[in-house]
Amino acid sequence: MQTTLGTPTLSGILFFLGIVAVTLAVTYWAARHTRSTKEFYAAGRSISPLQNGLALAGDYMSAASFLGIAGLVALRGYDGMIYATGWLVGWPALMFLIAEPLRNLGQFTFADVVAFRLRQVPVRIASAIGGILTLLFYVLAQMVGAGNLITLMFGLRYEWAVLCVGGVMLAYVLFGGMIATTWVQIIKAILLLFGVTLLTIFVLSRFQFSPSALYEAVAARYGQSALEPGGLVSDPVDAISLGLALMFGLLGLPHILMRFYTVPDARAARTSVLYATGFIGYFYLIIPIVGFGASALVGRELIRRIDAGGNMAAPLIAELLGGTPFLGFIAAVAFATILAVVAGLTLAGATTLSHDIFTHAIRKGNATEREQIRIARVATLAFGVVAVVLGIVFKGQNVAFMVGLAFAVAASANFPALLLSIVWRRFNTAGAVAAIASGALLSVVLIILSPTIWVDLLHNPAPVFPLRNPAIVSMPVGFLCGVLASLATREPDAESRFDDEKLRTYLGVGAE
Amino acid sequence: MSLALTALLFILYYGYILLIAVDRAFVSRRIGTATTLGIPLGAAVIVGAWILTAAYVFWANRQYDTEASRLRDRLRIH
């Protein structure tokens, strides 16, 4: 087939400008309602459960899951489907363990919860380091991905693509705060779910709406092995470790956690997770059909020729089945996907810097609303500029492992501190700092020593640490260090305030 | 209840991964002309995870919230 990928098409540019125009109009409206910290960080706690469910889905489903998983299924068959399930299973765990206590205890960030009855300054700083590390690894992968994708789809120069994403995203967050970010994420989630549903219907229409006819076509072209487990689970320990990072990493992602403060109460938080799990589950159920469809109809050779990682499988099948206008639409959806995720990450980064570091660690809670909003905007700008610079510096590097690293740090540092602070009376300041420091440090060190960096990037003959995913070691170590450091020290204040905390955690007494 | 559901989630997801690791032939068994058993299994993990979430919401809305509001009332009286 002939493809117009890589050249700007009229329909592509129109859809692209349409999305930018609509989201900027929403931002203009949101800016007039963004005056207080509660509005800037938490959209005034006025988001409905359905809206928050969509926004959570929009915050979470990145270009890596849309284009990446479709490509993985197209090129490696069933393995892509195993990977897709891992991206969903964190959501029930988030509901069972974290969502409601987080909403009841906190104000704007997950550090509010960890520091609830502990000494503010050390815990705020440690949580902020864990949070910012997670966000930086994540945003770096998103920015490099954005630059590559936009270059591939529109033929725009890499640096311009990164600047363009950074500029539009900064406009949302700087002026519209959480209200604009929420609506950008809602719009993106609806566009993405709609686009992938259309793609799935188009693919199935070629096979008389029979999935088994689709699988027969894939098997006829690439052999039965395309529908069988391949190399992904060849090492079960590594597969479980990846599963742990994906599942519990979600429970430590600052940009996801802060979305729970945008709803009025714990019950609304609960309902919004159910919606989010429904949307995200639906997405991961149908995205393999798009991947298999690309495999059967476009062919692995062409997909690989355009992008070795397979990221263009979904745009190519869109062009084959719906022509250039549909390709333009899917490309614009991919662009909106990146914008919404990067905006969420930047807002979370800015909130951590201004609320945790400035207001609580530096000013000890004494800062006026005006000051806090000003610092929040400065922090937004700083985080956004760092994201763009990192995106440009890492041009051409393979940074796919960065998302894995972000999930590993979130699962090994942020999650243990958060969970222990909620459930364990004896947990104290030393424990929180130890859990975050050891979990974050070990995740980073083990990834450097793993085959991913030590062998593939640094070209050493053998890895020092055999697994590609460190979570199976680093997460238990994070918990263990948190427990040991707590047991080694006493903090009577923290223990005596646990009963008050419990009333608020489980009954919502005094929750904001 | 939270812990019981978390345990079920673990069995569902890590059971699926371990099943693939331990008995590849079973997951690769054909159930149609080409469709393998693994495909409905993967879909079942996703649907199952959503059902667990829904079960939690059902329980929390009906039982937990009632109990919590009763306790809050008692606290206010004393």
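# A briefing on chains A and B

Of the 78 residues in chain B, 24% count as buried. In chain A, buried residues make up 62% of the 512. Please keep in mind that this is a predicted model.

**Chain B**

- Chain B has three helices and zero strands, and its pattern along the sequence reads α-α-α.
- The radius of gyration of chain B is 20 Å, well over the 12 Å that the globule rule gives for 78 residues, so chain B is more spread out than a compact globule.
- Taken along the principal axes, the box filled by the C-alpha atoms of chain B is roughly 65 × 20 × 10 Å.

**Chain A overall**

- Chain A is also built without strands: its secondary structure comes to 22 helices and zero strands.
- With a radius of gyration of 22 Å, close to the 24 Å that the globule rule gives for 512 residues, chain A is as compact as a globular protein of that length.
- The C-alpha atoms of chain A fill a box of roughly 70 × 55 × 40 Å along the principal axes.
- If you take the contacts in chain A between residues at least 6 apart in sequence, 82% of them join residues at least 24 apart.

**Where the chains touch**

- On the chain A side, 38 residues are in contact with 38 residues of chain B.
- Six elements of chain A each give two or more residues to this side: helix H5 (78–88), H6, helix H10 (211–222), helix H11 (236–250), helix H13 (266–298) and helix H22 (498–507).
- H13(A) provides the largest share of the side of chain A that touches chain B, with 10 residues.
- Sorted by class, that side of chain A has 26 nonpolar, eight polar and four charged residues.

**Helix H6 of chain A**

- H6 covers residues 90–105 of chain A, which is 16 residues.
- From its first C-alpha to its last, H6(A) reaches 21 Å, close to the 22 Å expected at 1.5 Å a residue.
- There is a bend of about 50° in H6(A) at A:Ile98, and the proline A:Pro101 follows within four residues.
- H6(A) is mostly covered, with 16 of its 16 residues buried; H6 is also among the elements that give two or more residues to the side of chain A touching chain B.

**The nonpolar core**

- The largest nonpolar core has 227 residues.
- The residues with the most contacts inside this core are A:Ala70, A:Val165, A:Ala294, A:Ala314, A:Ile317 and A:Leu339.
- H15(A) gives the largest share of this core, 30 residues.
- Leaving out residues up to four places away in sequence, A:Ile317 touches A:Leu199, A:Val203, A:Val290, A:Gly293, A:Ala294, A:Leu297 and A:Val298.
- A:Ala294, one of the residues touched by A:Ile317, is itself listed among those with the most contacts inside the core.

**A:Phe326, a residue to look up**

- A:Phe326 lies in helix H15 of chain A, which runs over residues 313–362.
- A:Phe326 counts as buried because 21 other C-beta atoms lie within 10 Å, and the cut-off for buried is 20 or more.
- Beyond its neighbours within four places in sequence, A:Phe326 is in contact with A:Ala318 and A:Glu319.
- A:Phe326 and A:Ser11 are 315 residues apart in sequence, yet their C-alpha atoms are 8.2 Å apart in space.

Notes:
Residues are numbered from 1 along each chain as its sequence is written. Chains are lettered from A and ligands numbered from 1 in the order in which they are written. This is a predicted model: local features need pLDDT of at least 70, side-chain atom pairs count only at pLDDT 80 or more; totals for chains, interfaces and linings use all residues. The expected span of a helix is 1.5 Å times one less than its number of residues. The bend at a residue is the angle between axes fitted to the seven residues ending there and the seven starting there. A residue is buried if 20 or more other C-beta atoms lie within 10 Å of its own, exposed if 12 or fewer, and partly exposed in between; C-beta atoms are placed from the backbone. The radius of gyration is taken over C-alpha atoms; the globule rule is 2.2 Å times the number of residues to the power 0.38. Two residues are in contact if their C-beta atoms, placed from the backbone, lie within 7 Å. Ala, Val, Leu, Ile, Met, Phe, Trp, Tyr, Cys and Pro count as nonpolar, Asp, Glu, Lys and Arg as charged, and the others, Gly among them, as polar. A nonpolar core is a set of buried Ala, Val, Leu, Ile, Met, Phe, Trp, Tyr and Cys residues joined through C-beta atoms within 7 Å.
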